[in-house]
Amino acid sequence: MVKAGMSNPHIHPGFVGQAGIAISPACRVAPPRPSVEREKAVEELTIHTIPTAVLGASGGIGQPLSLLLAISPLVDELSLYDVVNTPGVGADLSHINSKAKVTAFLPEDGAGLERALTGCDIVVIPAGIPRKPGMTRDDLFKINAGIVRDLVTGVAKFCPKAFVLIISNPVNSTVPIAAEVLKAHNVFEPTRLFGVTSLDVVRASTFVADVVGGCPTQYTVPVIGGHSGETIVPLLSQISPKTDIPSDKLDALVNRIQFGGDEVVKAKDGLGSATLSMAYAGFKFAEALLKAKTQTGIVEPTYVYLPGVPGGEEVKKAIGGDIDFFAVPVELGPSGAVKATNPVPNATDYEKALLVKCYEGLKTNIVKGTEFITNQASKKRELV
Ligand SMILES: NC(=O)c1ccc[n+]([C@@H]2O[C@H](COP(=O)([O-])OP(=O)(O)OC[C@H]3O[C@@H](n4cnc5c(N)ncnc54)[C@H](O)[C@@H]3O)[C@@H](O)[C@H]2O)c1
């Protein structure tokens with residue numbers, strides 16, 4: 001068995017990483033052939049690559065997400081952290097002949113998180129418990145809030161400049177928790193903190209295609225607001241390319257996008273929530289950030305702290321002035337969120353009614369997340 005902190009006897013010693021179990025050789029780039037695809041592939045292999053960590057890497061989302069990152073030409077170092085099973089997941093992934101060097105860590109009396117995070121530029125967090133039938137994302141709060149707090153504390157200490165991508169639910173509250181933790185350590189950079197809402201976007205285009213036909217990938221649907229039930233607001237009037245949804249199908253389509261996660265929870269019958277589609281969606285968002293290091297014009301919906309992102313104040317004003325965290329399409333660049341776009345003024349009356357419901361739920365979720373940290377801080381002060 002391979003353990004973090006031990007070398008794997010089946011891996012060539014020259015390829016064993018400093019922290020333990022790694023590892024695959026640096027990719028040898030084949031001489032370019034005269035095809036455009038090949039040249040593009042070689043170019044991708046030689047552009048900026050980024051050390052990336054997955055926290056919760058052994059889970060239902062963590063494993064396929066780690067696989068997608070491990071085979072991406074944009075990732076050269078992949079660091080896996082979980083409270084269980086990372087040696088096995090790491091050893092498995094390290095046999096893939098991709099360029100990524102894989103290292104794996106367990107808590108190791110507190111040292112594992114530090115070793116996993118040090119030097120990372122992107123940290124993706126799918127750690128925590130998933131929903132079971134009958135649970136809402138908010139029901140997860142009690143357990144996942146503490147997990148996200150502790151992992152983001154590690155980010156604040158060991159890689160404070162990293163992009164932080166929060167997948168752990170309820171995202172509406174866990175992102176405010178992450179913001180408060182980073183603030184408490186004086187390292188909060190709002191352009192680097194993202195709630196991953198990409199699964200809503202992926203589902204929206206799939207479900208739109210189910211209604212109007214065509215290939216799901218041809219539709220881009222802005223999905224804004226939050227990431228739970230009625231806080232998820234698809235702007236179906238702003239589908240690109242312009243697509244008309246028959247009015248008698250609209251309610252059912254919106255409901256399916258808002259509660260699509262329930263279909264999976266029900267079908268898995270007690271064995272968890274979306275994992276494979278979430279891993280795909282999470283990878284798509286991470287890949288967009290990686291690409292934005294060198295490419296312009298990359299826009300993805302994501303849940304951000306509006307006052308700290310260019311263009312965010314405009315969105316905040318458009319949604320009533322008292323909500324700080326909200327998902328909108330955000331232009332990404334080398335330093336993270338470059339500009340939040342504001343699709344709210346162009347929403348139809350139907351969508352504005354959806355937004356009103358979204359605001360109510362979202363405000364409560366945000367306060368719950370923020371107070372989880374601020375109340376703990378004031379209790380600590382009282383004790384001093
Ligand atoms: N953002 C989204 O769209 C979306 C979609 C689906 C699920 N989720 C959420 O993602 C999370 C993970 O879901 P899953 O299905 O992979 O669950 P899972 O139980 O299969 O995996 C979670 C993993 O987190 C690990 N973990 C628990 N505590 C940890 C800690 N302190 N440090 C590091 N790792 C820890 C567990 O050991 C486990 O391997 C859940 O909160 C779920 O609700 C989010």
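Predicted model: local features only at pLDDT ≥ 70, side-chain atom pairs only at ≥ 80, totals over all residues.
Let's start with residues 42-47. Here pLDDT, the predictor's confidence in each residue on a scale from 0 to 100, stays under 50. The model has 10 contacts for this stretch beyond four places in sequence. A contact means two residues whose C-beta atoms, placed from the backbone, lie within 7 Å.

Residues are numbered from 1 along each chain as its sequence is written.

How confident is the chain overall? Its mean pLDDT is 88, with 85% of the residues at 70 or more. Over residues 1-34, though, the pLDDT is below 50. That stretch has 73 contacts in the model beyond near neighbours in sequence.

Next, the layout. The chain holds 11 helices and 11 strands. These are DSSP runs, numbered from the N terminus: helices are H or I with at least four residues, strands are E with at least two. Take contacts between residues at least 6 apart in sequence: 71% join residues at least 24 apart.

What about burial? Of 384 residues, 48% count as buried. Buried means 20 or more other C-beta atoms within 10 Å of the residue's own; exposed means 12 or fewer; partly exposed is in between.

Now the largest nonpolar core. It has 104residues. Such a core is a set of buried Ala, Val, Leu, Ile, Met, Phe, Trp, Tyr and Cys residues joined through C-beta atoms within 7 Å. Val164 is among the members that touch the most others. Beyond four places in sequence, Val164 touches residues including Val123, Val152 and Ala178.

On to the ligand. How many residues surround it? There are 34, and the closest are Gly56, Gly59, Gly60, Ile61 and Asn169. To be near, a residue needs its C-beta atom, placed from the backbone, within 6 Å. Helix 5, residues 141-158, gives the largest share of this shell, four residues. Where does the ligand lie? Domain 1 (46-195) and domain 2 (198-282 + 294-369) both give residues to the shell, so the ligand lies between them. Those bounds come from an automatic or database domain assignment.

Last, Asp244. It sits in the loop between strand 8 (232-234) and helix 8 (247-268). Buried or exposed? Asp244 counts as exposed, because it has 9 C-beta neighbours inside 10 Å. Asp244 and Val208 are 36 residues apart in sequence, and 9.9 Å apart in space, C-alpha to C-alpha.
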